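Q: Before we look at the model, could you show me how to read a ligand site and a sheet, one feature at a time?

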Amino acid sequence: MGPLIELRNVSHKYPDGTLAISGIDLSVNKGESVAILGPNGGGKSTLLMILSALLYPSSGTLRFFGMEIDRRTIDRPKKMFPIRRRMGVMFQDPDVQLFSATLFDDVAFGPINMGLTEEKVREKVMRTLRYLGIEHLAEKHPYELSGG
Ligand SMILES: Nc1ncnc2c1ncn2[C@@H]1O[C@H](COP(=O)(O)OP(=O)(O)OP(=O)(O)O)[C@@H](O)[C@H]1O
Ligand SMILES: [Mg+2]
């Protein structure tokens, strides 16, 4: 399989005419970590919204997990499901990311929205918390945790 994410000659102009990004070529391979650096207003958030399939660019081509995404595909939940279930965005500010009463419920939000059974959700959440060594925090309120 080729890159997990592939952008070719991607540009985005907002409806008011602002050209946020222009001519971006980017490939992200399995296991790779990529940092996007740039000045304020440089187009990082716009690029991240495109990379997480929330925004379709005004020009260029996109491939996620080997599948070419066209302008219509992105609005078709069934077609996008296999892609969206593998993508996540972690925000800088925990206030907009963590919104449940317990850590367990926060981690469960994704798997519940994937339509898994209650038992499967529980299994996935506990496996993830164990993997991170924070199983004992499952019933804590997210605001009781340290920022890190
Ligand atoms: N919804 C929008 N409508 C019109 N212009 C926008 C919109 N969102 C962003 N822009 C403009 O697009 C350009 C890129 O903005 P973007 O938010 O992607 O940059 P950024 O690199 O994330 O900036 P920062 O470092 O401040 O977070 C800027 O000129 C910004 O004003
Ligand atoms: Mg930004």
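The dialogue below takes up the ligand site and then the sheet.

A: This is a predicted model, in which local features need pLDDT of at least 70, side-chain atom pairs count only at pLDDT 80 or more, and totals for chains, interfaces and linings use all residues. Residues are numbered from 1 along each chain as its sequence is written, chains are lettered from A and ligands numbered from 1 in the order in which they are written, and side-chain values use heavy atoms, with hydrogens and water left out.

Q: Which residues surround ligand 1?

A: A residue is near a molecule if one of its heavy atoms lies within 4 Å of it. Here the residues around ligand 1 include Y14, D16, T18, K44, S45 and T46.

Q: Which polar side-chain atom lies 2.7 Å from an oxygen atom of ligand 1?

A: A polar contact is a pair of N or O atoms within 3.5 Å. The side-chain atom belongs to K44, while a backbone N or O atom of S45 lies 2.8 Å from a ligand oxygen, and a polar backbone atom of G42 is 3.2 Å from an oxygen of ligand 1.

Q: In what order do the 4 strands of the open sheet lie?

A: Strands are DSSP runs (E, at least two residues), numbered from the N terminus, and two of them pair if DSSP finds at least two bridges between them. The order is β2-β1-β3-β4, with antiparallel pairing, and the edge strands, each pairing on one side only, are β2 (19–28) and β4 (67–69). Between β3 (residues 59–64) and β4 there are 3 bridges, and L62 has I69 in β4 as its bridge partner.

Methods:
Polar contact = N/O pair within 3.5 Å; in protein donor to acceptor, adjacent residues only side chain to side chain.
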